[in-house]
Amino acid sequence: MQKRTQREENPFPFSDSNKRYHTYEYYLRRTFGGKCVKIPLNGGFTCPNRDGRCGYGGCIFCSGQGSGDFALSPDLSLAEQYRAEREKLSAKWDTARCIPYFQPFTNTYAPVERLRTLWNEALALPDVVGMNVATRADCLPDDVVDLLAEFSERTVLTLELGLQTIHDKTAKAIGRGYPLSVFADAWARLREKAPCVRLGVHLIFGLIGENDEMIGQTVQYVARLSPEEVKFHSLYVVKNTKMAQIYENGGYFPLSRDQYTDLVVCAIEHLPPQTVVARLTGDSAETELLAPLWGLKKREILNEIDKKFYARKTYQGKLYSL
Ligand code: SF4
């Protein structure tokens, strides 16, 4: 008898390939009818963790580019940034459908009128099919939540929240600047007042002082929220950060690739099947990354995750329970 392919053997319902998790690519195809590309835009924001409202200097791992290491200068208009990024991507991808992504720093940290102007500008760009906004849970006052609700009636709007961990002790150690209760409050208000906004959560594995059990608790908490998206990152130690000092002084040992991929597979097993896994590795400029260097080989990380899912005969949601 002919051996069945990994694709034919795949029991995961939200997949038409060998992927045993709900990929972003699958979600985009099903939602928009084809490949879409995210176009990073820099709206010229700062972050309360940098301008003194919560602190100065940012989270201990933040590169100073506010998690937008590849973003263009905000001196360029949104239309100029969009055109340039799209051109760059068009060499590799079909850019017929685009999702502007307000990525660096805290993209709701401004008065609503400024946000309204920027978001209107973004939605008026050619071939836009949705919009993503990355922010912090402590920058979502009620008027911003109302504005998000308004825009979610006009487009497929995804709000990405950088939670990283549920543990307040870790949050203090990394300088996040707010406790879990702030995230929980923002989440409840978003779900109540802006139900059409797709909500995403960013998690980091390998944070200083965290063990597997703590990471598992964070994953369980997030799974119970049933987010529309989750992004996973391994903690990257980047030059000229507080994390770099700790690492260089011997105070931090990054996860190995094997540990990280084990944690990711286990986390995805606990997520609801409908939650889209929008990212499985972080991004860092090669010249800036100190550790772990395996983080530069994204293809190998993704392949290892696929292999582990297959070898363990598991898939997203296998261990999910409310
Ligand atoms: S919240 Fe984001 S932008 Fe602000 S300091 Fe932390 S990582 Fe950087």
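Visitor: What is the relative accessible area of Asp16?
Guide: This is a predicted model, in which local features need pLDDT of at least 70 and side-chain atom pairs count only at pLDDT 80 or more, while totals for chains, interfaces and linings use all residues. Residues are numbered from 1 along each chain as its sequence is written, and side-chain values use heavy atoms, leaving out hydrogens and water. Buried means under 20% relative accessible area, exposed over 50%, and partly exposed in between (1.4 Å probe, protein chains only). Asp16 counts as partly exposed, at 27%.

Visitor: Which residue meets Asp16 in a salt bridge?
Guide: A salt bridge puts a side-chain nitrogen of Lys or Arg within 4 Å of a carboxyl oxygen of Asp or Glu. Here the N to O distance is 2.9 Å. The partner of Asp16 is Arg29.

Visitor: How many residues apart in sequence are the parts that Arg29 and Asp16 tie together?
Guide: Helices (H or I, at least four residues) and strands (E, at least two) are DSSP runs, numbered from the N terminus. Arg29 sits in helix 2 (residues 24-32), and Asp16 in the loop between helix 1 (6-9) and helix 2, so the tied parts lie apart in sequence by 13 residues.

Visitor: Which residue forms a salt bridge with Glu160?
Guide: The closest N and O atoms are 3.1 Å apart. The pair links strand 4 (residues 156-164) to strand 1 (residues 37-41), 122 residues apart. Glu160 pairs with Lys38.

Visitor: How many salt bridges does a search of the whole structure find?
Guide: Another of them joins Lys308 and Glu304, at 3.7 Å. Both residues are buried. The whole-structure search finds 25.
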